[in-house]
Amino acid sequence: MARRRQIYEGKAKVLFEGPEPGTLVQYFKDDATAFNNKKKGTITGKGVLNNRISEYLMIKLGEIGIPTHFVRRLNMREQLVREVEIIPLEVVVRNISAGSLAQRFGLSEGTPLPRSIVEYYFKSDALGDPMVAEEHITAFGWATTQDIDELMSMSLRVNDFLTGLFLGVGIRLVDFKLEFGRLYNGDDMQIVLADEISPDNCRLWDLKTGEKMDKDRFRRDLGNVEDAYQEVARRLGILPEGGPRDLKGPEMMQ
């Protein structure tokens with residue numbers, strides 16, 4: 001495998017210099033974290049599955065006009081993406097009460113919300129990814145009012161599409177996190193969907209049984225985490241042939 005320079009390493013992925021200017025190679029790890037990196041572990045084959053699931057969903061979203069950073073999948077664990085300037089916000093869309101929303105408002109987990117709720121969080125592990133209001137976002141220069149309108153509109157479109165897609169395979173989309181970046185082309189700037197969409201950043205419940213099919217199985221020590229990720233990929237029709245076998249990581253230049 002070709003040697004290349006590491007640009008950044010996060011909790012679940014590594015970014016490497018791409019083969020041509022303006023591109024990066026995104027490598028999916030098996031590492032798992034929860035509670036702002038306080039809980040750590042490994043989910044065997046997670047990187048392979050998330051690579052395939054995210055590829056599939058990014059392509060589907062592109063087909064309905066959602067711009068993304070995704071270019072193409074390179075192999076079992078890597079995909080080629082466009083280099084973007086990440087907006088330091090996590091955009092969370094909630095359809096059903098779960099997780100921190102249920103805790104904050106004393107709601108029973110599983111309670112349908114009157115309408116989809118969009119929340120913003122400042123991307124900072126050191127600060128625990130605090131929730132922020134639009135006033136914080138504009139005051140600190142993370143995004144403009146126009147940018148926020150675009151983030152909101154795109155996030156709701158993604159939610160509408162993914163809700164229907166997952167319902168079609170017997171899965172309820174409870175909530176999910178999105179990240180966006182600015183893609184520059186000369187003097188032009190476009191906000192595009194970035195990062196990944198996978199069971200790592202979506203809450204997915206079986207439509208009939210309510211069984212959790214996402215990283216909550218790791219967070220809550222429910223077991224069978226690998227099986228849950230595989231089942232999501234199987235229902236989407238994209239489970240890698242032979243299962244999520246391991247693939248040696250790329251060599252890095254120091």
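## Strands β12 and β13

In strand β13, Ala 194 is the bridge partner of Glu 179. Strand β12 spans residues 171-185 and strand β13 spans residues 188-194; the two run antiparallel and are joined by seven bridges. Strands are taken as paired if DSSP finds at least two bridges between them. Helices (H or I, at least four residues) and strands (E, at least two) are DSSP runs, numbered from the N terminus. Two residues lie between the strands in the hairpin of β12 and β13, where Gly 186 takes a positive phi near 65°.

The model described here is predicted: local features need pLDDT of at least 70, side-chain atom pairs count only at pLDDT 80 or more, and totals for chains, interfaces and linings use all residues. Residues are numbered from 1 along each chain as its sequence is written, and side-chain values use heavy atoms, with hydrogens and water left out.

Strand β7 covers residues 78-82, and four of its five residues are buried, so the strand is largely enclosed by the rest of the structure. Here buried means under 20% relative accessible area, exposed means over 50%, and partly exposed lies in between (1.4 Å probe, protein chains only).

Strand β3 (residues 23-28) runs antiparallel to β7 and is joined to it by five bridges. Within this pairing, Tyr 27 has Glu 78 of β7 as its bridge partner. Strand β6 (residues 70-73) also pairs with β7 in the antiparallel sense, over three bridges, and Arg 72 stands opposite Leu 80 in β7.

## Salt bridges between separate parts

Side chains of opposite charge can pair when their charged atoms come close. A salt bridge is counted when a side-chain nitrogen of Lys or Arg is within 4 Å of a carboxyl oxygen of Asp or Glu. By this rule the model has 29 salt bridges. One of them links Lys 11 to Asp 125, with the closest N and O atoms 3.3 Å apart. Because Lys 11 lies in the loop between β1 (4-9) and β2 (13-17) and Asp 125 in the loop between β10 and β11, this pair ties together parts that are 114 residues apart in sequence. Lys 11 is partly exposed at 32% relative accessibility, and Asp 125 is partly exposed at 41%.

Another salt bridge joins Asp 147 and Arg 182, whose closest N and O atoms are 3.4 Å apart. Asp 147 belongs to helix α4 and Arg 182 to strand β12, so the pair ties together parts that are 35 residues apart in sequence. Both Asp 147 and Arg 182 are buried.

Arg 235 and Glu 231 meet through their side chains in a salt bridge of 2.8 Å, N to O. These residues are four apart in helix α6, and are therefore separated by about one helical turn. Arg 235 is partly exposed at 24% relative accessibility, as is Glu 231 at 22%.

Salt bridges that share partners also form a network, whose members include Arg 94, Arg 104, Glu 109, Asp 175, Asp 216 and Arg 220.

## The loop between α5 and α6

Asp 221 lies in the loop between α5 (216-219) and α6 (225-236). Its phi is positive, about 55°, although Asp 221 is not a glycine. With 64% relative accessibility, Asp 221 counts as exposed. Asn 224 is found in the loop between α5 and α6 as well, and this residue, other than glycine, has a positive phi near 55°.

Pro 112 is found in strand β10 (residues 112-122) and counts as exposed at 60% relative accessibility. Pro 112 and Ile 96 are 16 residues apart in sequence, while their C-alpha atoms are 4.4 Å apart in space.

Leu 127 is placed in the loop between β10 and β11 (131-132). At 59% relative accessibility, Leu 127 counts as exposed. The C-alpha atoms of Leu 127 and Gly 141, which are 14 residues apart along the chain, are separated by 18 Å.
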